[in-house]
Amino acid sequence: MRVIDKFFINGEWATPNGTNTIDVINPANASVYGRIPQGTAADVNSAVAAAKAAFPSWSKTPTAERSALIRAIALKMQERIPEIAETIVAEQGSPIGFASQVQAGLPSLVMESFADYTFEMDHVEQVDHSMVVREAIGVCGLIVPWNYPLQLLVTKVAPALAAGCTIVIKPSEVTPFNAFMLAEIVHAAGLPPGVLNLVTGYGADVGEALCRHPDVDMISFTGSTAIGKRILAMGADDVKRVCVELGGKSATVVLEDADITAAMTGNVVQVMSNSGQTCFALSRVFVPASRYDDAVAAAKAVAESLVVGDPSNEATQIGPLVSLAQRERVLGYIAKGIQEGARMVTGGGDMPEELRQGFYVKPTVFADVRNDMVIAREEIFGPVICLIPYNTVDEAVAMANDSPYGLAASVWSADTDKAVAVSRRLIAGQVFINDAEFNMRAPFGGFKQSGNGRELGSEGLREYFELKAIHMPTASA
Ligand code: NAD
């Protein structure tokens, strides 16, 4: 069993103040994969004190040095991709192929991209007789969920380091080992003590202690909208900067002229990847009524073709959900959909004998869904897709926008101009046209209850600095 009994604080492996531990469960078979310390407010205090002490020097370190360290961290991450991927397979359940490419590979590229963005901190804007300069905001508390644990962590750590901030990380207690590996990597790369600190534990104690700490200048949180609202309220006490990347119920609009098979293949695969545990899963699909039957048949065929199984097997495309609680939650939504009158054309939780130990759910397609049903309004966070017919594009756009969320959307059409025109009408932080790829240099974030602020690329750096206007005496004064 993988056991870690220390936190990473002030450049050292520090003994926790308490003795309680948390078991980490392998979702493929419900066995105990590892054990980590359950932190307390006292551990958070030590970590924040280390980050506060490291800030003056790190924030004044020349950008060329910070950039070189970020690049060194990225290289060490790349060297450890296979090991990181295996870790995420065991703690999170992502299939090994997906884990290697997305869960372990992508974060190293994101880290590397910020070696370039670091130099944007040197930018000085001249506004009449004033210089506007950029300064690191201070100590940042970074809190992340379990679905893309390292990617979401690096999306915060990289810009924070680039800006000159110091950091206290609180990973999800469900998937903590990748964060310990990141701490090992930054240590090996020579990041100065106190610049990055790591404490594990539950949200209610470690998370809240971090959010309420008076020496934490900023919280960046990715997770559920419910917890995000609570974090925003906690930050209000001392007017912290609070950036939140939250849930979604993203929509696809398939236009009349689209290639239905391509649209359904792309969309079903996007939703089912990572077992539907993707914040921007395009889980509501609006299809022209005239092409609805073809779309349902195509979606069913794609869902049934996906290989569900042991995530450590190279052939597996869909692994288990992350936890028993998550499986039960998803099955609850499937039951609710059936009860509300939607038609489950394939899927459900009835698994073959060899997969019954793990937390699996089959790729599930619902037809005849109405946009006011619970399964079309709430984030399921599982391998479930809802197909909704429409008669006019105006009606499709109105339904797509009728959601408390606004994280992502997609539009399928043979005509790119038409697709862009519809994209401009959708309330979403990013819109994918046809099978467009994710872009780690473009801003990522949501409208409405999907969050406030943007991560990745140049925009992602902005969250971590303050602007200072220095007004120069004018010659005539
Ligand atoms: P969660 O909100 O339960 O937990 C996220 C993190 O917050 C965990 O580390 C948890 O320990 C911590 N936490 C919990 N309660 C806390 C509290 N009171 N104070 C401080 N911290 C607390 O989310 P989850 O179940 O881990 O992840 C799934 C959710 O994350 C989904 O809603 C998904 O949409 C969202 N998500 C959003 C994005 C995005 O970029 N918009 C990306 C990935 C996931």
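Me: What separates the centres of domain 1 and domain 2?
Reply: The gap is 30 Å, taken over C-alpha atoms. Domain 1 is 2-246 + 451-469 and domain 2 is 251-440, with bounds from an automatic or database domain assignment. This is a predicted model, where local features need pLDDT of at least 70, side-chain atom pairs count only at pLDDT 80 or more, and totals for chains, interfaces and linings use all residues. Residues are numbered from 1 along each chain as its sequence is written, and side-chain values use heavy atoms, leaving out hydrogens and water.

Me: How many residues of domain 1 and domain 2 are in contact?
Reply: 29 residues of domain 1 are in contact with 27 residues of domain 2; contact means heavy atoms within 4.5 Å.

Me: Why is α2 called roughly antiparallel to α4?
Reply: The axes of α2 (residues 63-79) and α4 (residues 96-117) cross at roughly 165° and come within 8 Å. Angles over 145 degrees count as roughly antiparallel, so α2 is roughly antiparallel to α4. Among the α2 residues that meet α4 are Ile70, Ile73 and Met77.

Me: What makes a set of residues a nonpolar core?
Reply: Its members are buried Ala, Val, Leu, Ile, Met, Phe, Trp, Tyr and Cys residues joined through side-chain atoms within 4.5 Å, buried being under 20% relative accessible area with a 1.4 Å probe, protein chains only. The largest one here has 75 residues, and Ile73 and Met111 are among those touching the most other members. Helix α5 (residues 149-163) gives the most to this core, 10 residues.

Me: Which residues does Ile73 touch?
Reply: Leaving aside residues up to four places away in sequence, Ile73 touches Met111, Leu161, Ile185, Val186, Ala189 and Leu191.

Technical notes
Buried < 20%, exposed > 50% of the residue type's maximum accessible area, 1.4 Å probe, protein only. Helix = DSSP H or I, 4+ residues; strand = E, 2+ residues; numbered from the N terminus. Axes fitted to C-alpha atoms, helices over the stretch in contact; angles between N-to-C directions. Parallel < 35°, antiparallel > 145°, perpendicular 65-115°, else oblique.
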